[in-house]
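Please read it alongside the sequence and the model.

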Amino acid sequence: MAKSAGANLFDFENDFEAYFDQGFNRLINSLVEDLSTPQNSPVYTGYFASSWKATSYRIKRESRQESDRNRRTKTPWSTVYHKLARGTGDTLTPWGVKKNMGTIERRYPGPFDFNFKQYPTVYISNTVNYAPYALEDGKTLAFLGDVKEKVNEFFTESQRLGQIKVAGKAGRRNAAGQSTQAQNISIF
């Protein structure tokens, strides 16, 4: 929240609001982006990880038919959906385990932009019908357990003060008669 040299010091309220808007939006976009990765979402076809969204209202899940149709017919998810994988008894089957074979292509790419005064609550959710089932994987819930650290990262102002160092101790001459550098003393 550092001021530039020509800034109006009496416009603190607007600067403060802009600071929080910026941090709020960076946090929201970062969370959606992080949720759309194989580290934080289960990836079979990639459709679930591609379907994270942020809005100012509760997100309605799509119908079961729509989720199934999109996974089966839309690229890039349909190629993985129809790919054969090892099933029970080591046979190739379209219903075998396809973990981490999918492609993540965000359906709601953002960037999302909210005014924290106008929209103090933002909903980040997944739009696929089978989201409760997919969340049983545990990756997403583990990630959400660490969100507090991410909030602190985006709302903690880094110290921007400079350092002033003063040559407070004189240098000495070494045995060869050359002077060594003076030591700096930090005054804050």
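1. Arg71 and Asp68 sit three residues apart in helix 2, so about one helical turn separates them; helices (H or I, at least four residues) and strands (E, at least two) are DSSP runs, numbered from the N terminus. Their side chains meet in a salt bridge at 2.6 Å, N to O, the term meaning a side-chain nitrogen of Lys or Arg within 4 Å of a carboxyl oxygen of Asp or Glu. Through shared partners, salt bridges join Arg64, Asp68 and Arg71 into one network.

2. This is a predicted model, in which local features need pLDDT of at least 70 and side-chain atom pairs count only at pLDDT 80 or more, while totals for chains, interfaces and linings use all residues. Residues are numbered from 1 along each chain as its sequence is written, and side-chain values use heavy atoms, with hydrogens and water left out.

3. Arg64 also forms a salt bridge with Asp68, the closest N and O atoms being 3.9 Å apart. Arg64 is exposed at 53% relative accessibility, whereas Asp68 is buried at 15% (buried is under 20% relative accessible area, exposed over 50%, partly exposed in between, with a 1.4 Å probe and protein chains only).

4. Glu62 forms a salt bridge with Arg107, with 3.1 Å between the closest N and O atoms. Glu62 lies in the loop between strand 1 (52–55) and helix 2 (64–73), and Arg107 in the loop between strand 3 (92–93) and strand 4 (123–126), so the pair ties together parts 45 residues apart in sequence. Glu62 is buried at 8% relative accessibility, while Arg107 is partly exposed at 24%.
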